[in-house]
Number of protein chains: 2
Amino acid sequence: MSATENGAVEPFDAVDVIRAKRDGGRVPEDALRWMIDAYTRDYVADAQMAAFAMAVLLNGMDRDEIRVMTDAMIASGERMSFAGLGKPTADKHSTGGVGDKITLPLAPLVAAFGVAVPQLSGRGLGHTGGTLDKLESIPGWRAALSNDEMTAQLRDVGAVICAAGSGLAPADKRLYALRDVTGTVEAIPLIASSIMSKKIAEGTDALVLDVKFGSGAFMKDFDRARELARTMVELGTDSGVRTTALLTDMDTPLGLAIGNANEVRESVEVLAGGGPADVVELTVALAREMLALAGQPDADVEAALRDGRAMDAWRRMIEAQGGDPDAPLPVPAETHVVTAPRDGYVTRMDAYGFGVAAWRLGAGRARAEDPVLHEAGIDLHAKPGDRVAAGQPLFTIGGPDDSRFARALEVLEGAWEIGDAEPDRSPLVRERITAS
Amino acid sequence: MSATENGAVEPFDAVDVIRAKRDGGRVPEDALRWMIDAYTRDYVADAQMAAFAMAVLLNGMDRDEIRVMTDAMIASGERMSFAGLGKPTADKHSTGGVGDKITLPLAPLVAAFGVAVPQLSGRGLGHTGGTLDKLESIPGWRAALSNDEMTAQLRDVGAVICAAGSGLAPADKRLYALRDVTGTVEAIPLIASSIMSKKIAEGTDALVLDVKFGSGAFMKDFDRARELARTMVELGTDSGVRTTALLTDMDTPLGLAIGNANEVRESVEVLAGGGPADVVELTVALAREMLALAGQPDADVEAALRDGRAMDAWRRMIEAQGGDPDAPLPVPAETHVVTAPRDGYVTRMDAYGFGVAAWRLGAGRARAEDPVLHEAGIDLHAKPGDRVAAGQPLFTIGGPDDSRFARALEVLEGAWEIGDAEPDRSPLVRERITAS
């Protein structure tokens, strides 16, 4: 017990909590809950939490500690509930990738089966895009909804993609900013609790995680991505949310569009029954998982793409948030086409390189307060495994003018390769992880 | 490279430095020097330094990193030099113990051989006493000296025991305060650089370390104490200071007096050629090491205690700092004697327990700004290995009144034992560590 200056008595001491983790032990449940709560109250200092985060990174946390820590972060803010809707809810979270527009076709597709999808999304930062940035390419569409508007839209339309309010897990927001400057971002228990605290607080019944690995992913290494996926599936399950994860390849951009407006266009193609094979494959795989967790393991997902039910849900979802689904999307005023220098097979298109290039074109932002250029981005005309002839277009970069092209082309220089042999194709969905 | 808000460009990024240590690597010399300097300039935040300190605690530092870090801490402040004195300098540092008054007889003893002893000391905090607190029992004696006064006294008297100015290694002061609240005090590279940065900045040619292990020591574990001793001997040697360490037992209080005035009284007994055997043994052993490093390996140390040369140096040292060596020292107005409940051998007197009891009596302080009670303390009448009869006095506690006796007696309850068998005696000086 230690007394504060104003005489209040704290039941634990931050140094004892730090030492327990530092020495490789478990932190008892009440002490861990206190640590997060006291940090939120500014009783535990940033320096103390930073030392604790480093000890967690180097010594780990067990399954129960991760659950308790996540629950304490949820308890720091509001907790939503859609129990009154009278229908099951299911959500998806992706750890982020290049060309990852899957949320756009996925949410209305799942909603077409009577499952509510309360998708709270973020904006892009760095080389991965943000779902809200993409949707804001649609004239009139707005990301900010009140809780009442969100509930009404889930009831009437079934799908919502909107901005997460600041009321969910505020402790996570503060801890994330701290981890960012103290070299402790990479701790799997902290990544898992950061992601899952917001998803659990959001009040979904079921959650499917798209955990990416490869050059364009946050976790480049497959084994680390698998560890993160397992940790999050266990955490969701232990917290009463039915959770499944797919481990998916992010060495190559998803689909043919990387940017904002062009990714919306590609999503609408998928909703119309077309679109690139990999985007369709992943959308269908994730929809099947969400529907299975919501009690519909045999739903014919592909039929809803073919027969217009998913497209109808999309149109209602966009309209409900003020968007015009028929309005023309912005297109780049200036473009530049890169062509194949020789005959051969495209052997590599590096997701990280293309992601950074799209970011430099203005599709992403360097600082959280920067705007994005909705028309900026890259359209691919070939993908790894495709045979190309010399002079054939490989990809087009675009933007409002050509002022950013040189820096984008610079990073693209080493980001693709043409070879003589047809490359091996690796499966897009590498592994499925379910609760044990 | 990262730019600060005012446009200045920093050559390194704190997160990169933290990551290097976190991932088990070496931090390059220029990056490590920058980290300490930038922390002193408030560019690197407490939270970043705390994460770095935890990574150092868990992943260690190699010999060269410790030297560089220490040198960077020295560079944060002033560096003293006694090169103009025309005589060799030697100093001693103890990691702290209970009843550890060795500096008091040691400094004048070594000075009696023409070696200057620039002993910068601290005050007690917690269960270990402080050299300055003990000396302030002497009426008139003052701890604060200017650099010029210190130099003059070293030239004229040869020995100085005074307070370290705040100008030496200010980075260490800040880092120590941070470590104290972030569970990173125990990192051996950080302990070593904290102690040695001040000793090296003090400008001594030679240094003897008294590294204690056992219940009353900062490092209770012998192997950890040995690792600390080796690290500091290497660090001193690498930094151009001839350094030796003795590993000494601190399971039992040193001598028979624990407090302030009573420890001065015991020190004067040693300087008069008497005193408890263990205090004499350690004083002589440390003096021999200091004199050997100062070029007098064959000095007859015990003769200087017998023939009054050490006592003369003591009197001149005390007088030079305004103290009256003949003034009566404060004595406790109230005392309480604890007697042996049965016949037998004293088998244990636990240094930590007796240290905490003396602290509770008022000989030490709970907060840095508290005063100490110079007359408070404990006098032992028997030590482990002594045979006692039922009713024979074991120790006396004392203070200005008896208001603190109950809490002191409470902690003393389990701090001593009487058994039937004569206990094994362990050597006081367990090991000697020299530069390799």
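At 31% relative accessibility, A:Asp238 counts as partly exposed, a class that lies between buried (under 20% relative accessible area) and exposed (over 50%), computed with a 1.4 Å probe on protein chains only. Its salt-bridge partner is A:Arg63, with the closest N and O atoms 2.8 Å apart, where a salt bridge requires a side-chain nitrogen of Lys or Arg within 4 Å of a carboxyl oxygen of Asp or Glu. This is a predicted model, in which local features need pLDDT of at least 70 and side-chain atom pairs count only at pLDDT 80 or more, whereas totals for chains, interfaces and linings use all residues. Residues are numbered from 1 along each chain as its sequence is written, chains are lettered from A and ligands numbered from 1 in the order in which they are written, and side-chain values use heavy atoms, with hydrogens and water left out.

**Salt bridges within the chains**

- Over all chains the structure holds 70 salt bridges.
- A:Arg63 belongs to helix α4 of chain A and A:Asp238 to helix α10 (residues 222-238) of chain A, so their pairing ties together parts that are 175 residues apart in sequence; helices (H or I, at least four residues) and strands (E, at least two) are DSSP runs, numbered from the N terminus.
- A:Arg63 is itself partly exposed, at a relative accessible area of 32%.
- In chain B, B:Glu302 and B:Arg288 form a salt bridge whose closest N and O atoms are 2.8 Å apart.
- Because B:Glu302 lies in helix α13 (residues 301-306) of chain B and B:Arg288 in helix α12 (residues 277-293) of chain B, this pair ties together parts that are 14 residues apart in sequence.
- B:Glu302 is partly exposed with a relative accessible area of 34%, and B:Arg288 is also classed as partly exposed, at 40% relative accessibility.
- A network of salt bridges that share partners joins A:Arg26, A:Glu29, A:Arg33, A:Asp62, A:Asp64, A:Arg67 and A:Asp71.

**The three-stranded sheets**

- In chain B, 3 strands form an open, antiparallel sheet in the order β12-β10-β14, two strands being taken as paired if DSSP finds at least two bridges between them.
- The edges are held by β12 (387-388) and β14 (416-419) of chain B, each with a single partner strand, so one side of each is left without a neighbour in the sheet.
- Strand β10 (residues 344-349) of chain B pairs with β12(B) in the antiparallel sense over 2 bridges, and B:Gly344 stands opposite B:Val388 in β12(B).
- A salt bridge (3.2 Å, N to O) links the side chains of B:Glu417 and B:Arg348; since B:Glu417 lies in strand β14 of chain B and B:Arg348 in strand β10 of chain B, the pair ties together parts that are 69 residues apart in sequence.
- B:Glu417 is partly exposed, with a relative accessible area of 41%, and B:Arg348 is partly exposed, with a relative accessible area of 30%.
- Chain A likewise has an open sheet of 3 strands with antiparallel pairing in the order β12-β10-β14, in which A:Gly344 stands opposite A:Val388 in β12(A).

**Helix α2 of chain A**

- The 12 residues of helix α2 (residues 29-40) of chain A should span 16 Å at 1.5 Å a residue, which agrees with the 17 Å between its end C-alpha atoms; the expected span is 1.5 Å times one less than the number of residues.
- The buried residues of α2(A) are A:Ala31, A:Leu32, A:Trp34, A:Met35, A:Ile36, A:Ala38 and A:Tyr39.
- Among the elements covering these buried residues are β2 (9-10), α1 (14-22), α3 (46-59), α4 (63-75) and α8 (170-181) of chain A, with contact meaning heavy atoms within 4.5 Å.
- Just after α2(A), A:Asp42 adopts a positive phi of about 70°.

**How the two chains meet**

- Chain B can be laid on chain A with an RMSD of 0.1 Å by a turn of 179° and a shift of 0.0 Å along the axis, the superposition being by least squares on the C-alpha atoms of residues with pLDDT of at least 70 in both.
- The two copies are thus related as by a two-fold rotation axis, and in chain B the C-alpha nearest that axis is that of B:Ala47, 1.8 Å from it.
- Contacts between the chains involve 21 residues of chain B and 20 residues of chain A.
- Since 95% of the interface residues of chain B are also interface residues in chain A, the copies meet through the same surface.
- About 1,600 Å² is buried between chain B and chain A, of which carbon and sulfur atoms give 69%; buried area is the accessible area (1.4 Å probe) that two parts lose on being put together, summed over both.
- In chain B, the residues that lose the most area to chain A are B:Arg22, B:Met54 and B:Leu58, together 33% of what that side buries.
- The rule finds 4 salt bridges across the interface of chain B and chain A, and B:Glu186 forms a salt bridge with A:Arg19, the closest N and O atoms being 3.3 Å apart.
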